[in-house]
Amino acid sequence: MKHQVTLNINGSEHEIFVEARKTLADAIREECGLTGTHLGCEHGVCGACTVLMDGQPVRSCLMFAVQCNGVPLRTVEGLADGDDLHPVQKAFWEHHGLQCGFCTPGFLMLATSVLEQEPDIDDEALREVLSSNLCRCTGYQNILIAVKAAAEEMRG
Ligand code: FES
Ligand code: FES
């Protein structure tokens with residue numbers, strides 16, 4: 001049986017019909033065509049699938065689409081404003097915060113959420129937050145440098 005769900009992603013409404021078992025990640029990618037949200041482990045460990053739900057980071061592989069009816073969602077596609085990159089994206093670009101890029105959408109969304117809520121976050125707390133996501137290329141130092149640079153820009 002399929003359910004009608006309206007996913008509000010980056011300010012646009014997507015009306016979809018999905019089974020109750022359809023994950024939010026699959027719905028975003030397959031039903032809404034937004035493939036910037038990546039799937040790694042598909043069981044809540046890697047954070048590649050992180051999106052923002054009402055401003056809070058969630059692992060979209062652990063949510064069902066039917067749980068997100070009408071809730072404001074943000075994905076990596078919503079970060080840039082046309083050709084203007086979000087400060088976090090710009091900082092990843094400038095400080096080489098990515099290698100293969102597979103984990104990047106998840107890190108960008110996680111970092112955006114934390115810096116929007118707590119732009120003055122200290123280094124230790126930032127490390128703690130970022131430790132929830134995994135990078136198989138192990139570029140953690142540059143990710144940290146990039147997020148700290150973005151924080152400075154967003155504070156300014
Ligand atoms: S794909 Fe969701 S946490 Fe890894
Ligand atoms: S940049 Fe390759 S997994 Fe993180």
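Student: How many bridges join strand β3 to strand β4?

Tutor: This is a predicted model. Strand β3 covers residues 50-53 and strand β4 covers residues 56-59. The two strands run antiparallel, and the number of bridges joining them is four.

Student: Which residue in the turn of the hairpin formed by β3 and β4 has a positive phi?

Tutor: M53 stands opposite Q56 of β4. Two residues lie between the strands of this hairpin. In the turn, a positive phi of about 55 degrees belongs to D54.

Student: Are helices α3 and α4 roughly parallel, roughly antiparallel, roughly perpendicular or oblique to each other?

Tutor: Helix α3 spans residues 104-117 and helix α4 spans residues 123-130, with their axes 10 Å apart. They pack at an angle of about 140 degrees. Only angles over 145 degrees count as roughly antiparallel, and 65 to 115 as roughly perpendicular. The two helices are therefore oblique.

Student: Is the crossing of α3 and α4 left-handed or right-handed?

Tutor: The packing involves residues 104-117 as α3 and residues 123-130 as α4. Where α3 passes α4, the crossing is right-handed.

Student: How many residues lining the largest cavity are charged?

Tutor: The count is one cavity of 30 Å³ or more, and the largest cavity holds about 40 Å³ of space. Its lining includes L98, Q99, C100, C103 and I143. Six lining residues are nonpolar and four are polar, Gly being counted as polar. The number of charged residues in the lining is none.

Methods: Residues numbered from 1 in each chain as written. Chains lettered and ligands numbered in written order. Predicted model: local features only at pLDDT ≥ 70, side-chain atom pairs only at ≥ 80, totals over all residues. Heavy atoms only, no water. 1 Å grid on protein atoms, 1.4 Å probe; cavity = no way out; pocket = protein on both sides within 12 Å on 5 of 7 lines; lining within 4 Å. Points joined across faces, edges and corners; volume = space filled by probe spheres on them. Pairing = 2+ DSSP bridges. Axes fitted to C-alpha atoms, helices over the stretch in contact; angles between N-to-C directions. Parallel < 35°, antiparallel > 145°, perpendicular 65-115°, else oblique. Left-handed = near helix turned anticlockwise from the far one by under 90°.
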